[in-house]
Amino acid sequence: MRVTNLNPADTIGASAWLVETGGHNILLDAGTAPGIEGGKGLPLYSQVADVDMEAVAISHCHQDHCGSLPVALRHFPRARALMTEPSYFLIERVLHNSVNVMKRQRVEQGVSDYPLYHHGEVDELSYLFQGFKYGKVEPWGVLSPKTSGSSSPTVSFHHAGHVLGSAGLRIAHEKESLFYTGDVCFHDQTLSPKADFEGISADVLLMETTRGSTETPPGFTREAELRRLICSIRDGLAGEGGVLVPIFALGRTQEILAAIALAMQSGELNRQPVYIGGLGRVFTEIYDLVSARAPNLRPDLNLHEALDLQVLEARKMEQLNLKGKLFVITAGMMSEHTMSHELTVRMAPEECHSILFVGYSAPDTPAGALRAAAQGAPFTFSPSAGQLVRHCHMDSFDLSAHANREELVDFAVGIDPRTVILGHGEPEARDWIEAELRERLPRLNILQPAPGETLKV
Ligand SMILES: [Zn+2]
Ligand SMILES: [Zn+2]
């Protein structure tokens with residue numbers, strides 16, 4: 001078996017792994033690298049242009065895993081795109097939205113090679129998309145004279161607990177097997193139960209390492225962190241100000257809305273409208289419709305029925321009185337021209353408002369700049385907004401949808417593979433996981449392939 005890392009960056013970057021087994025080729029994920037503009041953020045497809053790719057399997061519908069799927073299918077015209085059923089319901093929305101975002105960035109930031117694909121291309125390729133039930137074992141190899149006499153390799157999808165539709169992918173061919181975690185969460189969230197990787201075996205384990213450099217504080221529980229968030233929302237709404245939770249539209253939004261809905265049902269929060277963005281509304285609608293097709297801790301909780309969701313329109317935002325209003329709105333990184341960016345320009349300078357972070361913000365984004373800013377000191381928020389002085393209340397809550405590092409190490413030890421490949425993390429995160437694994441399994445072969453590197457495993 002051979003595995004090639006097609007991530008163009010040595011950081012989290014864009015997920016894309018070529019797996020070759022018995023003369024067959026499959027691409028695992030086709031992401032784009034967040035924060036790297038234009039074609040430079042694409043996986044290294046041109047390096048493998050001669051490969052006869054038979055399938056592309058997508059672990060889940062976040063940009064860093066699926067954002068370049070149309071480009072991959074352009075490179076590999078014989079491939080079909082395999083994913084879970086819930087991802088099948090999400091993928092076209094996600095790709096059309098990234099066309100919109102790229103078109104906007106072309107105009108606003110002058111990125112001349114955007115968009116990397118067009119709406120028409122997403123529509124034209126959609127007949128190649130196929131959704132599968134969790135656990136289904138699907139053959140994907142195209143049998144030809146070259147490979148005749150052998151059977152097709154298979155892929156199966158295993159609930160990864162990260163976001164609606166997310167899966168770990170198991171590739172098997174004759175005596176060989178590889179398991180790719182995708183993004184994985186080993187603890188329950190409000191809606192999504194933890195990953196179900198029970199009984200998985202693999203010779204090669206390809207693992208994400210997002211939280212490899214994040215320490216887990218002693219006594220930390222997600223429940224306590226969620227209580228703290230609900231209390232902060234309640235306190236923030238009780239005063240003269242409003243509360244902003246800047247958030248990603250797919251996954252985080254629905255998990256936080258579910259927690260808010262439960263707090264309103266139990267009386268911890270007063271019932272009141274929740275302002276969301278247009279894209280957040282679309283994904284929330286799909287969550288409500290598709291929840292029965294995926295593992296779900298609260299199958300009876302319909303977010304649209306449980307909450308008074310109001311879509312905030314950009315043109316009405318300026319007149320809006322913010323007092324007592326609750327915004328759960330994109331973008332999580334507060335990129336320019338998004339609702340959370342515009343609201344922050346109004347809210348950050350005033351003491352009465354609260355801004356509550358529930359996810360990661362890259363340091364070089366407006367959200368990263370705000371989080372690093374000391375109270376009362378001027379800081380540069382973004383090129384368009386310039387300098388701000390933060391007086392508002394600000395707090396962060398660790399409600400990650402990724403496994404913590406100890407859980408990742410325990411999982412790898414439990415699988416006891418021949419080889420572990422570490423990816424989808426910053427270098428120091430991968431190094432921490434590698435050091436732990438070396439101590440626990442001294443004979444294990446542990447690899448960290450560089451961008452473009454092929455491993456024989
Ligand atoms: Zn993800
Ligand atoms: Zn990811």
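A salt bridge here is a side-chain nitrogen of Lys or Arg within 4 Å of a carboxyl oxygen of Asp or Glu. With that rule, a search of the whole structure turns up 22 salt bridges. Keep in mind as you click around that this is a predicted model.

**Stop 1: the zinc ion (ligand 1)**

Select the zinc ion (ligand 1) and show the side chains that hold it. Which protein donors does the zinc ion (ligand 1) have? They are His-60 through NE2, His-62 through ND1, His-162 through NE2 and Asp-183 through OD, lying 2.2 to 2.4 Å from the ion. Along the sequence, these donor residues follow the spacing H-x1-H-x99-H-x20-D.

Now look at His-62 and Asp-183 together. His-62 sits in the loop between strand S4 (55–57) and helix H1 (63–66), while Asp-183 is in the loop between strand S10 (176–180) and strand S11 (204–208). The pair links distant parts of the chain, 121 residues apart. Both His-62 and Asp-183 are buried.

Why is the arrangement around the zinc ion (ligand 1) called irregular? The four donor atoms subtend angles of 89 to 172 degrees. A tetrahedral label needs all angles between 85 and 135 degrees, so the arrangement counts as irregular.

**Stop 2: the zinc ion (ligand 2)**

Asp-183 bridges the zinc ion (ligand 1) and the zinc ion (ligand 2), and the two ions lie 3.6 Å apart.

The protein donors of the zinc ion (ligand 2) are Asp-64 (OD), His-65 (NE2), Asp-183 (OD) and His-424 (NE2), at 2.2 to 2.3 Å from the ion. Their spacing in sequence reads D-H-x117-D-x240-H. The angles among the four donor atoms run from 87 to 152 degrees, and the site of the zinc ion (ligand 2) is irregular.

Asp-64 has 14% relative accessibility and counts as buried, and His-65 is buried with a relative accessible area of 0%.

**Stop 3: strand S20**

Next, select strand S20, residues 419–423. How many of the five residues of S20 are buried? Five of the five are, leaving the strand mostly covered. Thr-419, Ile-421 and Gly-423 point one way from S20, and Val-420 and Leu-422 point the other way.

S11 pairs with S20 in the parallel sense over five bridges; look for Glu-208, whose bridge partner in S20 is Gly-423. Strand S21 (residues 445–447) also pairs with S20 in the parallel sense, over three bridges. There, Thr-419 has Asn-445 in S21 as its bridge partner.

**Stop 4: Thr-253**

Jump to helix H6 (residues 252–266) and pick Thr-253. Is Thr-253 buried or exposed? Buried: its relative accessible area is 1%. A polar atom of the Thr-253 side chain lies 2.6 Å from the backbone oxygen of Phe-248. Leaving aside residues up to four places away in sequence, Thr-253 touches Ile-247, Phe-248 and Thr-284.

**Stop 5: some of the salt bridges**

Start with Arg-227 and Glu-268. They form a salt bridge whose closest N and O atoms are 2.9 Å apart. Arg-227 lies in helix H5 (residues 222–238) and Glu-268 in the loop between H6 and strand S13 (274–276), so the pair ties together parts that are 41 residues apart in sequence. Arg-227 is partly exposed at 38% relative accessibility, and Glu-268 is partly exposed at 28%.

Now go to helix H3 (residues 85–109) and select Glu-108 and Arg-104. Their side chains meet in a salt bridge at 3.7 Å, N to O. Because Glu-108 and Arg-104 are four residues apart in this helix, about one helical turn separates them. Glu-108 is partly exposed, with a relative accessible area of 37%, and Arg-104 is partly exposed at 33%.

Another pair to show is Glu-313 with Lys-316, a salt bridge with its closest N and O atoms 3.5 Å apart. Glu-313 is partly exposed at 31%, and Lys-316 is partly exposed at 43%.

Methods: Residues are numbered from 1 along each chain as its sequence is written. Chains are lettered from A and ligands numbered from 1 in the order in which they are written. This is a predicted model: local features need pLDDT of at least 70, side-chain atom pairs count only at pLDDT 80 or more; totals for chains, interfaces and linings use all residues. Side-chain values use heavy atoms; hydrogens and water are left out. Helices (H or I, at least four residues) and strands (E, at least two) are DSSP runs, numbered from the N terminus. Buried means under 20% relative accessible area, exposed over 50%, partly exposed in between (1.4 Å probe, protein chains only). A polar contact is a pair of N or O atoms within 3.5 Å; within protein, one must be able to donate a hydrogen and the other to accept it, and residues adjacent in sequence count only if both atoms are side-chain atoms. Contact means heavy atoms within 4.5 Å. Donors are N, O and S atoms within 2.8 Å of the metal (3.2 Å for Na, K and Ca); water is not among the atoms, so sites may look incomplete. Four donors count as tetrahedral if all angles lie between 85 and 135 degrees; four count as square planar and six as octahedral if opposite donors are over 155 degrees apart and all others between 65 and 115; anything else is irregular. Two strands pair if DSSP finds at least two bridges between them.
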